[in-house]
Amino acid sequence: MMKHLVSMVCLLALAACATAPSKPLPPPDPRTLMGALETRIAILVEEQRYRLNDKARPLAIDPELSRIARARAADMAAKNYLAHAAPDGATSASLLMAQDAKWQGLLGENLAAQHYTKLGGVVVNEFAQRFLDEWMKSPPHRDNMGFINYDHAGVGAAVNGDTVYVALLFSTDLGLPPPKPEDPASTVTSFESATAASTPPPLPAAPPLRLRGTVGLPDPH
């Protein structure tokens, strides 16, 4: 009996040694989290949108806008800048109209960048909330999120070095009819905010003009 008891004690001691705490695992590679970050940002923006304007139209995640948002975020990450125009002059509006020459309507863009540490990594929920909070501090960015007529959106996120870059796009066709073949080529008109873009011109008004490739671009900073 004593031998049996001793052997049991030894097994318990070995088990205790085997379950001793080990070093914490390093955080995941931030590049693997960008898809989850995009999704979380889209959810938070939609929720905040209804708080800003309970009559706002629902946002459909648009594949075309998502591709452009990801291209913009990737370009900013690769070239380390935060601006509505890339160093080569490309913008979300020019990329959109290069994909769809007949596109017309209003395009809004919110940009942001956020640093992270190697030790802390990227915590998706926390980073998404910080991006939203930063946009809420800026009236033009907040106006973009609450603009009633937007009905499509796309989110892109990319990382380089110690920084995560995000591009958030909104769009609406403004209820305009499809352009005719004889209509003039698309042009881009920039506005400080979506509200400014939708404000009627002062009287006397000029003859009605078709708005094509209109884009509202708040200052990203």
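**Contacts and packing in a predicted model**

Me: Leaving aside neighbours within four places in sequence, which residues is Phe 131 in contact with?

Reply: Phe 131 is in contact with Leu 37, Ile 41, Ala 112, Ala 113, Gln 114, Val 164 and Val 166, once neighbours within four places are left aside. Contact means heavy atoms within 4.5 Å. This is a predicted model, in which local features need pLDDT of at least 70 and side-chain atom pairs count only at pLDDT 80 or more, while totals for chains, interfaces and linings use all residues. Residues are numbered from 1 along each chain as its sequence is written, and side-chain values use heavy atoms, with hydrogens and water left out.

Me: Where is Phe 131 placed, and is Phe 131 buried or exposed?

Reply: Phe 131 is in helix H5 (residues 124-136). Helices (H or I, at least four residues) and strands (E, at least two) are DSSP runs, numbered from the N terminus. With 2% relative accessibility, Phe 131 is buried. Buried means under 20% relative accessible area, exposed over 50%, and partly exposed in between, with a 1.4 Å probe and protein chains only.

Me: What separates the C-alpha atoms of Phe 131 and Val 166?

Reply: 8.3 Å, for residues 35 apart along the chain.

Me: Chain overview: how many helices and strands?

Reply: There are 7 helices and 6 strands, in the order α-α-β-α-α-β-α-α-β-β-β-α-β along the sequence. The chain has 221 residues, 41% of them buried. Of the contacts with a separation of 6 or more, 78% come from residues 24 or more positions apart.

Me: How many aromatic pairs are there?

Reply: The search of the whole structure gives 3. Tyr 150 and Phe 170 are stacked, because their ring centres are 5.2 Å apart and their planes are at 15 degrees. Rings of Phe, Tyr and Trp (its six-membered ring) pair if their centres lie within 6.5 Å, and planes under 30 degrees apart count as stacked, over 60 as edge-to-face and the rest as tilted.

Me: Helix packing next. At what angle do H2 and H6 pack?

Reply: H2 (residues 34-52) and H6 pack at about 95 degrees, with axes 8 Å apart. That makes H2 roughly perpendicular to H6. Axes are lines fitted to C-alpha atoms, for helices over the stretch in contact, and angles run from 0 to 180 degrees between N-to-C directions. Under 35 degrees counts as roughly parallel, over 145 as roughly antiparallel, 65 to 115 as roughly perpendicular and the rest as oblique.

Me: Which residues make the contact?

Reply: Val 45, Arg 49 and Leu 52 of H2, with Arg 142, Asn 144, Met 145 and Gly 146 of H6.
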